[in-house]
Amino acid sequence: MALEAPAQPPDAGTIGNASALRTPDIVAPGRGPKTTRVVSAHSSIGQRLAAIWESRELLVYLVRTEIKVKYKNSFLGLLWSMLSPALNLLVYTVVFGFFLKNGMPNFVIFLFSGLLLWNFFSLGVLSATGVVVANAGLVKKVSFPREILALAAIGSAGVFLFFQVIVMALFLVLLHNTPAWSLLWLLPVAFIPTAVLGSALGILFAAVNVYLRDTQHLVTVLVGSAWFWACPIVYSYSETAHNFLALHHLTVLYFLNPVTPLVMTFERVLWNHPGLVSLTTFLPTGKKHAQAFILPSWPATTYLWADAAVFGVAAVILFLAMVVFGRLAGNFAEEL
Amino acid sequence: MGSVAVDVRGVSKRFRLYHEKYTSLKEKVIHIGRIPHEDLWALQDVSFDVKEGETVGILGRNGSGKSTLLKCVCGVLQPSSGEVVVRGKLAGLLELGAGFQQELSGRENIYLNGSMLGLSKREVDRMFDDIVEFAELGQFIDNQVKFYSSGMYVRLGFAVAVNVDPDVLVIDEVLAVGDERFQRKCMDRIKQFQKEGRTILFVSHSPDQVRSICDRAVVLSDGQMIGMGPPGEAVRLFRERLLEAGDVLALRVEQLEPPAEASATEDGGAPGETADVQVATGHLAGGADHVRPIRITEVSASYPEADRRPYLLPGETLVVRVGYQVAEPTDNVIFQIDVRSPDGSALFQTDSEILGLQFDAPVGPGAVEFHFEDLPLFDGAYDITVGIRTPRGMSDWREPACRFEVMNPGRSTGVVALPCRVAVVPQEPVAP
């Protein structure tokens with residue numbers, strides 16, 4: 001491999017000729033040691049990670065592009081990314097506050113704290129699954145680490161998460177629901193494993209979907225619906241699921257779902273009603289409020305360790321996804 | 001110069017050609033293990049290197065693997081085996097404007113495309129004005145690219161790629177876009193690149209382009225590299241391979257059927273029924289029942305080294321021989337000859353009368369020869385059309401009667417080999 005850098009950039013001697021259209025400062029400096037790139041059938045994960053890191057700026061542009069394009073021709077533009085979750089929340093407030101009363105104080109906040117994380121996860125995975133096929137034109141003609149496409153899908157889901165967090169803050173104030181300030185650090189602790197898991201699944205599905213277009217539909221059903229109901233988002237773990245699971249010895253199985261502890265962390269921090277909670281519904285007989293456990297009364301460290309375990313699992317899946325993606329990516333351009 | 005910028009090492013690429021494409025789970029399960037496919041080796045063990053500052057062209061017929069090779073170099077495709085080592089920043093122009101996002105403005109697309117080519121925002125900032133100026137977009141830079149004309153689109157694509165300051169530029173037949181002025185601008189930019197010592201690898205269908213800008217050229221045929229060398233040499237190899245493959249460029253000496261007039265004359269006034277006659281009928285002045293007094297039997301082109309190579313060099317002598325058969329004695333027979341260029345336009349037209357030959361034909365076979373001395377033609381396959389006129393009208397016509405090919409070993413290009421030399425004019429020393 002001819003790696004030894006020449007003492008001078010090869011064009012240094014010819015700048016005089018070159019200055020007709022470009023200013024010399026573009027040609028002369030800044031072209032230091034040249035990068036060497038190898039295109040071959042086998043590239044190691046380390047090389048690919050390095051390539052992804054090199055292309056981080058492209059990642060930012062792709063995320064920006066996707067968000068810009070999404071709201072390009074709408075009058076309110078980016079405002080929609082906050083308006084639509086806000087309107088959704090208003091609908092939930094009305095529905096669960098007046099019609100489907102379940103007694104949980106500020107149930108909307110409970111629901112939305114789980115949804116925040118879940119929406120990020122499912123939107124990321126779902127859009128990443130189709131992203132390589134959708135960008136066939138790009139994949140066939142331009143060279144860049146293809147994983148970037150899936151990561152960009154996760155990234156733009158992250159941007160929408162950001163806007164939803166703003167809406168969430170707004171509703172926390174409106175509904176006088178104080179989050180657990182001292183546990184705020186648990187939010188990133190739960191977010192990071194979610195992002196890693198989402199990236200892992202997104203990368204995996206994106207690659208498989210090129211060869212097996214069923215993946216898209218399968219993922220829509222599995223991630224979009226089945227997985228959602230397996231997480232305590234609409235229902236509470238302690239009140240609804242715990243007894244049933246304990247009775248059938250399914251608790252372990254339930255917690256094999258890696259998203260469950262993450263969602264519960266968000267609920268713990270944002271909704272912030274641990275332990276025994278007085279329900280807003282009255283018992284039919286007396287004036288006394290019914291009481292129930294909505295969230296388990298775990299200490300912060302339990303959440304921390306549960307999320308750390310998910311992170312470990314997610315990292316392993318990410319590694320496997322990278323291996324699979326690497327095996328499949330070489331033939332993307334011919335399969336599309 | 002000297003060190004290697006692009007090193008292609010034993011690159012092979014296999015495509016699986018499925019007779020039917022099964023991409024759904026059901027179909028894959030149904031056809032598991034017995035999905036019919038053929039292996040197509042688009043590239044087989046191709047190895048060469050491109051030195052820094054060199055311009056290398058890739059020649060080959062359609063389907064010879066040119067684009068596959070470029071895609072492997074760019075990293076769009078991974079080779080099935082072997083590897084490509086690229087030293088320095090590479091900008092690939094496999095398709096102009098490939099990375100553009102329709103909904104975004106030209107400005108935003110410049111940044112997006114720049115980052116795809118591996119530039120930071122700061123670097124694009126610095127080149128932004130150059131790019132806009134080169135693309136000649138002016139105030140349209142803030143319009144969405146979906147409203148651009150195709151010309152604006154490709155101009156922007158090219159402008160970004162050549163302004164990103166690549167060490168290696170890879171171009172796949174994209175130079176045939178834009179108007180003539182922009183094309184010239186592109187070529188100027190490519191030549192400037194060469195002067196700056198950058199490396200260029202490009203595919204072209206035009207041997208002329210290869211000849212005029214390349215230092216070396218690679219010739220591909222059916223996925224195999226059959227040669228690499230100076231452009232003149234490579235173009236010759238490429239042409240020869242085309243001839244061997246029996247392509248349209250092949251030199252064909254039309255051996256015409258032995259005259260069908262035996263039957264035609266016996267039938268008297270009956271219209272000629274053989275295919276041979278029918279082809280010619282349309283051109284005959286006297287109509288179908290006209291008995292043609294003189295017919296072409298054979299047209300051949302020959303030149304000094306015809307047995308050694310299937311083409312002429314510019315400046316050689318070409319002899320076109322027209323054999324004929326006279327059925328009834330005719331006075332004032334005129335032989336007409338046309339030479340047509342590869343694209344079908346008439347280059348030269350004359351006849352024996354203009355050339356000063358007065359000829360009365362007796363019954364029987366005979367032949368005339370046209371001598372083209374110092375044939376001043378450049379690369380291409382040229383068609384010869386031959387006709388015979390008599391005072392009563394056109395007697396026979398062959399179009400095209402035969403074809404010959406010219407190959408230019410030098411580096412000049414164009415259609416006509418104008419004799420030309422260059423010298424420095426000696427200056428009178430100016431007294432101080």
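Two residues are in contact if their C-beta atoms, placed from the backbone, lie within 7 Å. The model shown in these views is predicted.

**View 1. An open six-stranded sheet in chain B.** The strand order is S5-S6-S7-S3-S8-S9 (chain B), and the pairing is mixed. Strands S5 (90-93) and S9 (224-229) of chain B form the edges. Each has a single partner strand, so one side of each lacks a neighbour in the sheet. On average, neighbouring strands of this sheet are turned by 15° against each other, direction ignored.

**View 2. The pairing of S3 and S8 in chain B.** Strand S3 (residues 55-60) of chain B runs parallel to strand S8 (residues 216-221) of chain B. Five bridges join the pair.

**View 3. Helix H2 across the strands of chain B.** H2 (residues 66-74) of chain B lies across S3, S5, S6 (168-172), S7 (199-203) and S8 of chain B. The helix runs at about 150° to S6(B).

**View 4. Val73(B) and the largest nonpolar core.** This core holds 157 residues. Val73(B) and Val170(B) touch the most other members. Helix H6 (residues 107-129) of chain A gives the most to the core, with 16 residues. Beyond its neighbours within four places in sequence, Val73(B) is in contact with Val6(B), Val8(B), Val84(B), Val86(B), Val170(B) and Leu201(B).

**View 5. Another core, apart from the largest one.** In soluble globular proteins, nonpolar side chains tend to be buried together.

Notes: Residues are numbered from 1 along each chain as its sequence is written. Chains are lettered from A and ligands numbered from 1 in the order in which they are written. This is a predicted model: local features need pLDDT of at least 70, side-chain atom pairs count only at pLDDT 80 or more; totals for chains, interfaces and linings use all residues. Two strands pair if DSSP finds at least two bridges between them. Helices (H or I, at least four residues) and strands (E, at least two) are DSSP runs, numbered from the N terminus. Axes are lines fitted to C-alpha atoms, for helices over the stretch in contact, and angles run from 0 to 180 degrees between N-to-C directions. A nonpolar core is a set of buried Ala, Val, Leu, Ile, Met, Phe, Trp, Tyr and Cys residues joined through C-beta atoms within 7 Å. A residue is buried if 20 or more other C-beta atoms lie within 10 Å of its own, exposed if 12 or fewer, and partly exposed in between; C-beta atoms are placed from the backbone.
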